[in-house]
Amino acid sequence: MSVLDNWEQWKDFLGDRLNQAQQEGMSQNVVSDVAYQVGEYLAQQVEPKNEQERVLAELWRVADEQEQHAIANMMVKLVQSEG
């Protein structure tokens, strides 16, 4: 089973990677840029596996670049708040 199949597993995976990046000294700006790049990759290369991912994919598709950065930052904040 892929981490993309289950929303909670996906958030846990992102949270783990975020914690790892912060422990390795990545700045918040770098984390934000990486989150945007991951979002861009997922939007272009990965079919959404659940309803939450479909909503995010649709939002990403209609957003401009600034809004996409905001979506990526909100995902970072979401996993940080649950961390």
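**From a surface patch to a charged network**

Start at Val38, which sits in helix H2 (residues 28-45); helices here are DSSP runs of H or I with at least four residues, and strands are E runs of at least two, numbered from the N terminus. This is a predicted model, where local features need pLDDT of at least 70 and side-chain atom pairs count only at pLDDT 80 or more, while totals for chains, interfaces and linings use all residues. Residues are numbered from 1 along each chain as its sequence is written, and side-chain values use heavy atoms, with hydrogens and water left out.

Val38 counts as partly exposed because its relative accessibility is 34% (buried means under 20% relative accessible area, exposed over 50%, partly exposed in between, with a 1.4 Å probe and protein chains only). Together with Met26, Val30 and Val34, Val38 forms a nonpolar patch on the surface, with about 260 Å² of accessible area in total. Patches take residues with over 30% relative accessible area and no salt bridge, joining like charges within 9 Å and nonpolar side chains (Val, Leu, Ile, Met, Phe, Trp, Tyr) within 5 Å. The areas come from the Shrake-Rupley method with a 1.4 Å probe, and for residues only the protein chains shown count as cover.

Now for the charges. Side chains of opposite charge can pair when their charged atoms come close. How many salt bridges does a search of the whole structure find? It finds four, a salt bridge being a side-chain nitrogen of Lys or Arg within 4 Å of a carboxyl oxygen of Asp or Glu.

Have a look at Lys11 in helix H1 (residues 7-23). Is Lys11 buried or exposed? With a relative accessible area of 8%, Lys11 is buried. Glu8 forms a salt bridge with Lys11, with the closest N and O atoms 3.3 Å apart. Both lie in helix H1, three residues apart, or about one turn of the helix. Glu8 is partly exposed at 44%.

Lys11 also meets Glu82 in a salt bridge (3.1 Å, N to O). That pair links distant parts of the chain, since Glu82 is in helix H4 (residues 65-82) and Lys11 in helix H1, 71 residues apart. Glu82 is partly exposed, with a relative accessible area of 45%.

Over in helix H3 (residues 51-62), Arg61 and Glu58 lie three residues apart, about one turn of the helix. Their side chains meet in a salt bridge (2.7 Å, N to O). Back at Lys11, salt bridges that share partners join Glu8, Lys11 and Glu82 into one network.
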